Amino acid sequence: MAKKYYITTPIYYPSANFHIGHCYTTIIADSIARYKRLTGYDVYFQTGTDEHGEKIEKKAKEAGITPKEYVDKIIENAKDLWASLGISYDYFIRTTDKNHEEAVQKIFKKLYEQNDIYKGEYKGLYCVPCESFWTESQAVNNICPDCGREVKEVSEEAYFFRLSKYQDKLIKFYDEHPDFILPLSRKNEMLNNFIKPGLEDLCVSRTSFKWGIPVDFDPNHVVYVWIDALSNYITSLGYPNTKSEKFQKYWPADLHLVGKEIVRFHTIIWPCMLMALNLELPKQVFGHGWLKIDGGKISKSLGNYKDPREYIKEYGVDAVRYYALREVPFGNDGNFSEEALISRTNADLANNLGNLVNRTISMSHKYFDGLVTNPKINTEIDEILINKALSLKDIVETKMNELKVNEAIDEIMDTLRFANKYIDETTPWSLAKDETKKNRLATILYNLLETIRICAVLLTPFIPTTSSKIFNELNTKKTDYDSISTFGTLEENIILNKPEILFNRIDK
Ligand code: MSP
């Protein structure tokens, strides 16, 4: 039976203004999901929308409609954006789904009945846009440490979750699972800034607004959005029915991929909730950095970005995916600019990959009418190319297992660069002039085509549209993962299709 892999993105706040930063998490998650599928895993890839909370209630009011009408309308924007990016999610959860709402009520009640949640009074500071509570020492000068906006003082009767009770257990869990939080710097940040100073019980209900999941045994209260939102990772699997097929098969999650500002929720609140529910903890939370523009936030109020669909229209979906995956070392912050997107596309996709594919297929047509044969007249340089192409599978696997996505891609690009160099060194055009060198020429072209095929298989998770164009040009059926373990799998005696330009050089 195939091994399972359960990967999630955060669930997004519904928005009419998604930007390239929002796409970042999802493109990376999609590539990891596709990579795991390629390598034989039974993958469950989940994304969705986080639809409750004061912020949505306010926006709906401004628009003169109910919150549900508001989210119903806007949700299509997320689905449309993910479709245009080729996001291959298996399940899209909405926190307004009935089964999710009922499951959250049951979770809340269970925690209350077992005394992990109790009733008290909340006095403190709250950031509406981030839906976060802060202490005075955290929100210096009444400013939210996450988003820099003003927090407001709130005081109300509320339920609390006994986070403090789980502090020692959480530290022990971190110790026993050194890879639970990646990169390591984020784990240290959690330990030093939040856990070691002492976890305080967490306010988990609100009475000052209505748009949330009501606490069923005390309907003046709605469940705190983060309790509601984090639960999505298990309610979609059928929780509280832990016997359900999906729950049995996929829980615990293998990877929660999240932006760095929400690592805190995923590595403190979420594990403590799961411990209280007596469930296994996820295997890993990876907190990636932010894409910035001119070193600062991508922000609607600054008007410093375009809808990502405009870039897709202009440069193609794979150029956008490639940029997001390759440009920034995964885990770090990075700067987004259209110029950098263009130069990445030109350098890696047009000049390196596109050029190699085009040159090779054009030469095969010119010298052999597109007929593929492999007379195996190999020399030293061919062996180098063959070994490079063959070792790529394991190298990429190691990098992907460490979630070093940009480095995995760079290894593939490096092999393609070497293949371009191999053309320059073996000079097929001069061999073509000599009838006695025909077999040598055919061998060189075969080695190139096979290298391209191997690279295209490994590029499938990252730039799937381009890989499938390459497979079409190669007219090959050998596109599965096993097929790249041996060099020489590309079918002989097939006729290649005509070359098509994969990426035009962009001149701006
Ligand atoms: N609804 C919460 C998550 C709940 S998960 C149980 C949320 N939503 S969000 O829409 O604000 O953010 C979704 C994801 O987009 C987060 O991982 C966030 O880090 C990511 N990004 C938003 N802007 C970003 C950049 N500029 N760059 C990279 N990722 C960014 O948080």
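What follows is a chat about the ligand, the pockets and the cavities.

Me: Before we start, what kind of model is this, and how are the residues numbered?
Reply: This is a predicted model, in which local features need pLDDT of at least 70 and side-chain atom pairs count only at pLDDT 80 or more, while totals for chains, interfaces and linings use all residues. Residues are numbered from 1 along each chain as its sequence is written, and side-chain values use heavy atoms, with hydrogens and water left out.

Me: OK, which residues come nearest to the ligand?
Reply: Ile11, Asp50, Gly259, Glu261 and Leu291 come nearest, out of 25 residues around the ligand, where a residue counts as near if one of its heavy atoms lies within 4 Å.

Me: Which elements supply that shell?
Reply: At least two residues each come from β1 (4-12), α1 (20-38), α7 (225-230), α8 (232-235) and β11 (255-259), and α1 has the largest share, with four residues. Helices (H or I, at least four residues) and strands (E, at least two) are DSSP runs, numbered from the N terminus.

Me: And how does the shell divide by class?
Reply: It has 14 nonpolar, nine polar and two charged residues, with Ala, Val, Leu, Ile, Met, Phe, Trp, Tyr, Cys and Pro counted as nonpolar, Asp, Glu, Lys and Arg as charged, and the others, Gly among them, as polar.

Me: Where does the ligand sit?
Reply: The ligand sits in the largest pocket, in the sense that more than half of its atoms lie within 2 Å of the pocket's grid points. On a 1 Å grid over the protein atoms alone, a pocket is an open set with protein on both sides within 12 Å along at least five of seven lines, a cavity is a set of points where a 1.4 Å probe fits but cannot get out, and lining residues have an atom within 4 Å of a point.

Me: What is the volume of the largest pocket, and what lines it?
Reply: Its volume is about 1600 Å³, given as the space filled by probe spheres set on the points, which are joined across faces, edges and corners. The lining has 49 residues, of which Tyr13, His19, His22, Lys55 and Arg149 lie nearest the centre, and α2 gives the most, with five residues.

Me: Switching topic, how many cavities are there?
Reply: A search of the whole structure finds two cavities of 30 Å³ or more. The largest has a volume of about 50 Å³, and α13 (338-368) and α17 (438-459) are the elements that give two or more residues to its lining, while the second largest cavity has about 30 Å³.
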